[in-house]
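Please find below a note on the model under review. It is arranged as numbered points.

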Amino acid sequence: MQFMLLFSRQGKLRLQKWYVPLSDKEKKKITRELVQTVLARKPKMCSFLEWRDLKIVYKRYASLYFCCAIEDQDNELITLEIIHRYVELLDKYFGSVCELDIIFNFEKAYFILDEFLLGGEAQETSKKNVLKAIEQADLLQEVRHMKQRLPAASSRRSDLHKPLRDDRPKHTHTQPDH
Amino acid sequence: MPAPIRLRELIRTIRTARTQAEEREMIQKECAAIRSSFREEDNTYRCRNVAKLLYMHMLGYPAHFGQLECLKLIASQKFTDKRIGYLGAMLLLDERQDVHLLMTNCIKNDLNHSTQYVQGLALCTLGCMGSSEMCRDLAGEVEKLLKTSNSYLRKKAALCAVHVIRKVPELMEMFLPATKNLLSEKNHGVLHTSVVLLTEMCERSPDMLSHFRKLVPQLVRILKNLIMSGYSPEHDVSGISDPFLQVRILRLLRILGKGDDDSSEAMNDILAQVATNTETSKNVGNAILYETVLTIMDIKSESGLRVLAINILGRFLLNNDKNIRYVALTSLLKTVQTDHNAVQRHRSTIVDCLKDLDVSIKRRAMELSFALVNGNNIRGMMKELLYFLDSCDPDFKADCASGIFLAAEKYAPSKRWHIDTIMRVLTTAGSYVRDDSVPNLIQLITNSVEMHAYTVQRLYKALLDDISQQPLVQVASWCIGEYGDLLVSGQCEEEEPIQVSEDEVLDVLEGLLVSNLSTPVTRGYSLTAIMKLSTRFSSLNRIKKVVSIYGSSIDVELQQRAVEYNALFKKYDHMRPALLERMPIMEKTIFSGDGIFTVCLWSVFPVLQANDLLDLLGGNDVVPIIQTTVPTKPASAGGELLDLLGDLSLTVIPPMTAYNKNGLIIEFTFERSNPNPNIAVITIHATNSTEADMTEFVFQAAVPKVCSFPSCILINLLFMSWCIGT
């Protein structure tokens, strides 16, 4: 994987993890263009697209888009599983995670990601082990931060409170109807 | 000084901003506070401040003044500090700045820290953004950790090693001893990252590849255990045990088995097992099947296995899930060359995908359809492809049109069908057709001698309907210019001949000249067409009038043409029939990237006096030779060529290379014209055999004064260059 971006439906960046060396300016340019491209996709379209010389795999969970750029030899379908695993980890950690959790606890989202992926590849395939490591590391912190949840009243957008669930209907093995 | 506000507080505050300006103001205020706090070397709140800075950085604001602070945090003893410090380093520092090198010592220390989570932070940061210098300095530490028995560290060290190898490939050797018993680990995390490390090494070095081939049996065993073992809650995903590991093993097997009979044989069984036993109802199972298919196709698998793989792809095509269909089409495109017949069996499903709503799927289906077209299915396929051309997005039309032309040319069952197909493309997607198709089509039409009347009639009718699509208009005007006489005389056999008068035809062509829709190129075509009709039609006065009007056109190209044609009327009227005669069959050379320019010249009636010829070339008159500049390197070919035209009383002359220098090769071939043996046809082939383009190639011909009998040489030049990319 070359990079992973998380952004909202309005195009606001919530997390950016780069596994290739690029200047700040280049990162901003790529982010801007890619966000635009992905947001322009219609809901019924497939999760993969070609962009520059990369394969882009994206998936929407409630109000958040998870977008990965992988290389030619990488398996698109398993990348979808990687994304899903990351969401599951966030979900378990925050307890029914929503976009707001990630906004207010972005550094924790990074810590979890860094326990799951390293250099763009999965380092641990067991959900339990990743969560255990995070838990232990959290205990080491001299200053414990409580997981912040914003009171519902002050937020006008209910989208942000929606728990991150897979947006696409589950497919059963039947004939397609174009 | 009051304590700096907490991170969450800041986030809350910034989110209350209602405008961009308001947000910017808040940010600036906070940045100023943070800056002064940094200046005071405040250790207590450094962590909090950097965290806030990282948040603001994500919003898009500059945060470079926090870089050194991150380094200070990394050097701190507190875990909280280190965590944020390393995160900041990964977000704010990059290897282009020398600042990052200051991290090296800290990372080195932390790699040897007593707490594994600190070691983990260091490994993670190094493996994510370590520069080549850092990697060189710290490779030894990573290698050490790769041999540890602590699986938490071992798995991270493996991926860190992957990064080191990517940055400094020469260091790969160093990690070889540590890989010895990586695969005997029970821990899935270590297994997974080890397989990734082995994959990286095998991809980079053929020596490593042969060295690691011996691991195939072990990999097969691990994969088998994953499939056969019962439910393992820790690694289960929808009933499949550790799909991530399975996929990585399959990918490594692919690399190890490629081109090697023994290895391929050793993995045959397991591949068949995975292919048949994997549950396909969820994405995760299909991900494994997909990787399996890729592996089967790449190694030296037996034919039964290959057919199994293609059938899996065929089933994928019928899957409800778009992603699966997309992946299937991509894979089929890769295998269509090698396993053509097997893929043909799924042709109808592939063609159905042309109607899919998803753009990426449509594109792949289109490419695959073109690859599957052959002599047997051309009629059916073309129907589908033409229908697709009608309804597809503009992005596709150019590619689709080109593809249709190519396919039609290769497999056309009849000339009539071919012309009809071309007509259909020109009328439905005429404006998207590539410019270089126009000369191609013209050549095709010229060579289909028996279809001339039919073609010109259909093109004429198309023009009556619509003159906006330039390629269509250009081809049509050219045809009308050539075969206008057939049009007017109503000679069409293939369909009901239409009644059209000379004036009506000229109306249409003149209409093109004045229309706003016509490009300058199109106008050139129509003017020339009108001129050609002067020898085919009887309404000479009208044509003379048009030509003389355009002699003062603002468009230089049109003006030049009109002036030359005018000259033809006034001074060289006796040569006009000869010059404007029907084009002969053109020879087409298909080339592969280098420019080949085929120039046909034929000599015409021995009616003109040599004197006339001299007049033609001498004086101030502009000679009506159609001259086009074509890209070639400037070569001084002029002088050497002239000699060859000297001796025309030839019987048979073998072809000769007239010029061969700097990559420019010019060959002459000589033959007697078939109907009239008094006519010699000399063909010049100019070839660019270098990889660079040649520019400013100018063709000029001069004719010698001495001729043994009253004959004349008339030169009509046709430059055709086709650029077929790949």
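The points below concern the basis of the model, the interface of chain A and chain B, and the sheet of chain A.

1. Basis. The model is predicted: local features need pLDDT of at least 70 and side-chain atom pairs count only at pLDDT 80 or more, whereas totals for chains, interfaces and linings use all residues. Residues are numbered from 1 along each chain as its sequence is written, chains are lettered from A and ligands numbered from 1 in the order in which they are written, and side-chain values use heavy atoms, with hydrogens and water left out.

2. Extent of the interface. Chain A contributes 77 residues to the contact and chain B contributes 75 residues, contact being heavy atoms within 4.5 Å. The two chains bury about 7,000 Å² between them, 54% of it from carbon and sulfur atoms; buried area is the accessible area (1.4 Å probe) that two parts lose on being put together, summed over both. Of the area that chain A buries against chain B, Leu77(A), Leu118(A) and Thr125(A) supply 10%, more than any other three residues.

3. Nine salt bridges are counted between chain A and chain B, a salt bridge being a side-chain nitrogen of Lys or Arg within 4 Å of a carboxyl oxygen of Asp or Glu. One such pair joins Arg364(B) to Glu50(A), with the closest N and O atoms 2.6 Å apart.

4. Elements at the interface. Among the elements that give two or more residues to the side of chain A that touches chain B are strand 2 (13-18), helix 2 (76-94) and helix 5 (127-140) of chain A. Helices (H or I, at least four residues) and strands (E, at least two) are DSSP runs, numbered from the N terminus. Helix 5 of chain A provides the largest share of this side, nine residues.

5. Sheet of chain A. Five strands of chain A form an open antiparallel sheet in the order 2-1-5-4-3, where two strands pair if DSSP finds at least two bridges between them. Strand 2 and strand 3 of chain A stand at the edges with a single partner strand each, so one side of each is left without a neighbour in the sheet. Strand 1 (residues 3-8) and strand 5 (residues 64-70) of chain A pair in the antiparallel sense over six bridges, and Met4(A) stands opposite Cys68(A) in strand 5 of chain A.

6. Salt bridges overall. The whole structure holds 54 salt bridges over all chains. In one of chain A, Arg52(A) meets Glu33(A) at 3.0 Å, N to O. This pair links distant parts of the chain, 19 residues apart: Arg52(A) lies in the loop between strand 3 and strand 4 (54-61) of chain A, and Glu33(A) lies in helix 1 of chain A.
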